[in-house]
Amino acid sequence: MSNLTYSLVYRFVPGSAARNEFMPVAEDMAKRYHVSIILGKDDRVILAGAVAEEVVPLLTATGLSPYMDWPRDIISCEMQTPLPLYAVGMEDGWEIFIGEQVFVGFVSMPGDAVEILERAGEYYTREERFETLPEFVERVGLTEFRRRALAVEAESTPGISALPPEYISGGEFYGFAATEPGDFPERPPAADLHYGDFVRPEMNLMRILTVYPEMGPLFMEYGMHCIGCVASYDESLWEACQVHGLDVFEILGEMNEYLADKLGKANVDGTTPMQDMFTLYPQTVSVLQQYGIPFPDDMQTTLADAADAAGVSLKDVLDQVHRTLRKE
């Protein structure tokens, strides 16, 4: 183990009343796990001083379970360590970074994020030569650091199963490109959008407006008044929602329900994989729970097969799913 300690930084929508509602829960968890509460700037609430095995229970107890709706107005949560080594989480998973947002990897489960941080911290503390973490990574190379942190080769880390190096990429790190030659593919570019397609969170904001200009009033309704600024040309829908403290899944649900009517085809139907239900429309998880549809072992299981296995009407489930996405 690396002996790292962790601070969980909960970031709320500025001025949110939900932050006050969250405080009794945070205080209860602070007492239970003997961690400190720090009220940070920008409406942050920080639980500081947890050890590795306490991180997932703390996240679960404070409502941040994977594939579930997070508490209202929480934009993101960070697992911070004393090193420049941290993970940023949202409802669909956790991205791990070192230094100034140099990307290491993405995982869906918070426990996997903790494992990566632990491996990275242990590797650094075992091998460093009186150097900072950025200096250490520069010496060993970012490709090797990622390999060790992600345990891409299971035999290199006995007792720990390999995690796939999903979305491996990065920016500049101490003057050298974070995309060194090696076994790590580039982060795949966001899918392009064409007329007739449904929208995904990673799609470019201006591309969405180019293909579907009628989405402009919807963005404005949500307070995204910067859709014509220069920065928005490089932003994804996800990034724009983060900047404005908005729930990307709420907006995505409304957009794709509108497009389903416009295009005359369903954005969610019986052929929709359960993985898409959890990652694109996590607000529908409560509907699945209502009908007793469990979390599947195979995420490619279709909604129809999951409903059939649970012995419930697919039509009833779909009707409620669409009402939820339309916020009816």
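1. In this predicted model, Glu 257 has a relative accessible area of 2%. Glu 257 therefore counts as buried, the cut-off being under 20%. The side chain of Glu 257 meets that of Arg 326 in a salt bridge, with 2.9 Å from N to O. Arg 326 lies in the segment after α13 and Glu 257 in helix α9, so the pair ties together parts that are 69 residues apart in sequence. Arg 326 is partly exposed, at 32%.

2. A salt bridge also joins Lys 327 and Glu 254, at 3.1 Å from N to O. Because Lys 327 belongs to the segment after α13 (314-325) and Glu 254 to helix α9 (residues 248-263), this pair ties together parts 73 residues apart in sequence. Both residues are partly exposed: Lys 327 at 49% and Glu 254 at 22%.

3. How many salt bridges does a search of the whole structure find? The search finds 16. One of them links Arg 207 with Asp 192, whose closest N and O atoms are 3.2 Å apart. Arg 207 is in helix α6 (residues 205-211), whereas Asp 192 is in the loop between β9 (176-177) and α6. Glu 122, Arg 126 and Glu 127 are linked in a network of salt bridges.

4. Ile 46, in strand β3 (residues 44-51), is buried at 11% relative accessibility. Beyond its neighbours within four places in sequence, Ile 46 contacts several residues, including Leu 8, Val 9, Ile 37 and Ile 38.

5. For the chain overall, there are 13 helices and nine strands, and 50% of the 328 residues count as buried.

Terms used
Residues numbered from 1 in each chain as written. Predicted model: local features only at pLDDT ≥ 70, side-chain atom pairs only at ≥ 80, totals over all residues. Heavy atoms only, no water. Helix = DSSP H or I, 4+ residues; strand = E, 2+ residues; numbered from the N terminus. Buried < 20%, exposed > 50% of the residue type's maximum accessible area, 1.4 Å probe, protein only. Contact = heavy atoms within 4.5 Å. Salt bridge = Lys/Arg side-chain N within 4 Å of Asp/Glu carboxyl O.
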